[in-house]
There are 2 protein chains.
Amino acid sequence: MPVRVLLVDDEPLVRAGLRAVLEAQPDIEVAGEAADGAAVIPLVRRLRPDVVAMDVRMPLLDGIEATRALLRTVPDPPKILVVTTFENDEYVYEALRAGADGFLLKRARPAEIVHAVRLIAEGESLLFPASVRQLAAEYGEGGGNRAARAALERARLTEREGEVLRLMARGLSNAEIAARLVVGTETVKSHVSAVLAKLGARDRTQAVITAYESGFVAPG
Amino acid sequence: MPVRVLLVDDEPLVRAGLRAVLEAQPDIEVAGEAADGAAVIPLVRRLRPDVVAMDVRMPLLDGIEATRALLRTVPDPPKILVVTTFENDEYVYEALRAGADGFLLKRARPAEIVHAVRLIAEGESLLFPASVRQLAAEYGEGGGNRAARAALERARLTEREGEVLRLMARGLSNAEIAARLVVGTETVKSHVSAVLAKLGARDRTQAVITAYESGFVAPG
DNA sequence: AACGGGCTCCCCCGCGCGGGGGAGACGATC
DNA sequence: GATCGTCTCCCCCGCGCGGGGGAGCCCGTT
């Protein structure tokens, strides 16, 4: 009986690629697809896949949160293979802490992807931070917003911090934000500092960039 | 006769995805694949594709260099569609200066990918403002920020100022921009001040917001 | 009752940022 | 040759920003 895989990624292109790679194997079958973590749980309940190949970065519910939710609510859950573009080690730890069984880079070769799915299905856990680091080195510094993007996915901003970030992303100064929220500037500074820390941003400009890059605020 | 496309991307997964998406169309055909820009020229000579879908980021010879080499050495060259994950404008500008006919984000929907290939094949050039505007419209509520765009059009930034704004929009400090451009920090401060003045921005954060809102840079 | 998290406000302090002004070098244009 | 725009670098200066602390209040959980 074939290994049944559920693909979860917000980019149709990636889903199509994974499907093409996996369905070329006789012993692997794509059970279904989802474009966001929020759709995973009902699909898992219905399709009962053996493996979920899950992107980390998705609009509504990211892969790490989706993994947590899945393991919390579904009895006898499938194995979870976290798929990511970004070769960030922190992802590995976050995903593993959330209960994922393995970790795979999107730029892996087809044979590696297939291998990873098979291993995971067999109950092996798959980690290779070493090769991740190696890949990162090969590709150089690469996409400058990689870390910023990763940041907001991990950051769990409070409601107030989210409000402040939105106002920062509209160009308001601390004093203006304070006036808008009817609080003191010192309070705003506290929130701003918290936002910067959680986002790994050095200054408000970087925080606003992260807000745009992650879709937390959208242009237009 | 179908549009014949050559896929050039170092990630097999992306190639597989593009192939799956494009071959689902009756009027599009994948003529071949290459994993690096260095392999493109002989392949183009042999396969004579109508369109080359070319990644920018590749290990040996990147898409921009490959585009230059292709247009320099191959008579009656194919149309070149630059495919990228991160649409930092530097890439877009670089690619267009190199002679590419259009650019496409990997996260575009299949219909958009197909559309782009058809347009390019027909000789339409899929240029920066249009596609970015389109993306911006899809991303947000649809309409874009006319004011921000107007501000940027009125601004008429010089080449150097545009460079500086792009680096600002990547979160770099003045000192970091100076290092990147190999000039003094005082010089960068001059450019930044000019950008702020031309954009009507009070600080770099507002300038970056204008850059995003106008589509001068787009979220990745 | 004890605890933790979130929101609020306060202190001090260093420094990067941005405004204002000026100036030399170079190339294109006239 | 003179003018203009761009790029480069320099000065001084004020201030907002962000880091480092701490602290009280409310509320939900334990």
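**Note on a predicted protein–DNA model**

1. Start with a helix pair. Helix 8 of chain B packs against helix 10 of chain B at an angle of about 90°, and their axes are 9 Å apart. Helices here are DSSP runs of H or I with at least four residues, strands are E runs of at least two, and both are numbered from the N terminus. Axes are lines fitted to C-alpha atoms, for helices over the stretch in contact, and angles run from 0 to 180 degrees between N-to-C directions. Helix 8 of chain B is therefore roughly perpendicular to helix 10 of chain B. On this scale, 65 to 115 degrees is roughly perpendicular, under 35 roughly parallel, over 145 roughly antiparallel, and the rest oblique.

2. Which residues of helix 8 of chain B make the contact? They are B:Arg160, B:Glu161, B:Val164, B:Leu165 and B:Met168. Helix 10 of chain B answers with B:His191, B:Val192, B:Ala194, B:Val195, B:Leu196, B:Lys198 and B:Leu199. Contact means heavy atoms within 4.5 Å. By class, the contact has 8 nonpolar, 1 polar and 3 charged residues. Ala, Val, Leu, Ile, Met, Phe, Trp, Tyr, Cys and Pro count as nonpolar; Asp, Glu, Lys and Arg count as charged; the others, Gly among them, are polar.

3. A word on reading the model. It is predicted: local features need pLDDT of at least 70, side-chain atom pairs count only at pLDDT 80 or more, and totals for chains, interfaces and linings use all residues. Residues are numbered from 1 along each chain as its sequence is written, chains are lettered from A and ligands numbered from 1 in the order written, and side-chain values use heavy atoms, leaving out hydrogens and water.

4. Now DNA strand C. It is surrounded by 18 residues, and the closest are A:Thr158, A:Arg160, A:Gly184, A:Thr187 and B:Arg204. Near means that a heavy atom of the residue lies within 4 Å of the strand. Sugar and phosphate make up 68% of the atoms of DNA strand C that come within 4 Å of the protein. The surface near DNA strand C has 3 nonpolar, 8 polar and 7 charged residues.

5. A polar backbone atom of A:Gly184 is 2.4 Å from a phosphate oxygen of DNA strand C. A:His191 places a polar side-chain atom 2.8 Å from a phosphate oxygen of DNA strand C. B:Lys189 has a polar side-chain atom 2.8 Å from a base oxygen of DNA strand C. Two or more residues of this surface come from each of helix 8 (159-168) and helix 10 (185-199) of chain A, and helix 10 (185-199) of chain B.

6. DNA strand D is next. Of the 18 residues around DNA strand D, the nearest are A:Arg204, B:Thr158, B:Arg160, B:Gly184 and B:Thr187. Sugar or phosphate holds 67% of the atoms of DNA strand D within 4 Å of the protein; bases hold the rest. A backbone N or O atom of B:Gly184 lies 2.4 Å from a phosphate oxygen of DNA strand D. For B:Thr187, a polar side-chain atom is 2.5 Å from a phosphate oxygen of DNA strand D. What does B:Ser190 approach on DNA strand D? One of its polar side-chain atoms lies 2.8 Å from a base nitrogen.

7. B:Arg204 deserves a look. It lies in helix 11 (residues 204-214) of chain B. Not counting residues up to four places away in sequence, B:Arg204 touches A:Thr205, along with chain B residues including B:Met168, B:Val192 and B:Leu196. The C-alpha atoms of B:Arg204 and B:Val192 are 7.7 Å apart, though 12 residues separate them along the chain.

8. Finally, check two backbone angles. Most residues other than glycine have a negative phi. A:Arg48 has a positive phi of about 45°. A:Arg48 sits in the loop between helix 2 (40-47) and strand 3 (51-55) of chain A. It is partly exposed, with a relative accessible area of 37%. Phi of A:Val182 is also positive, near 55°. A:Val182 is exposed, at 71% relative accessible area. Buried means under 20%, exposed over 50%, and partly exposed in between (1.4 Å probe, protein chains only).

Conventions:
A polar contact is a pair of N or O atoms within 3.5 Å; within protein, one must be able to donate a hydrogen and the other to accept it, and residues adjacent in sequence count only if both atoms are side-chain atoms.
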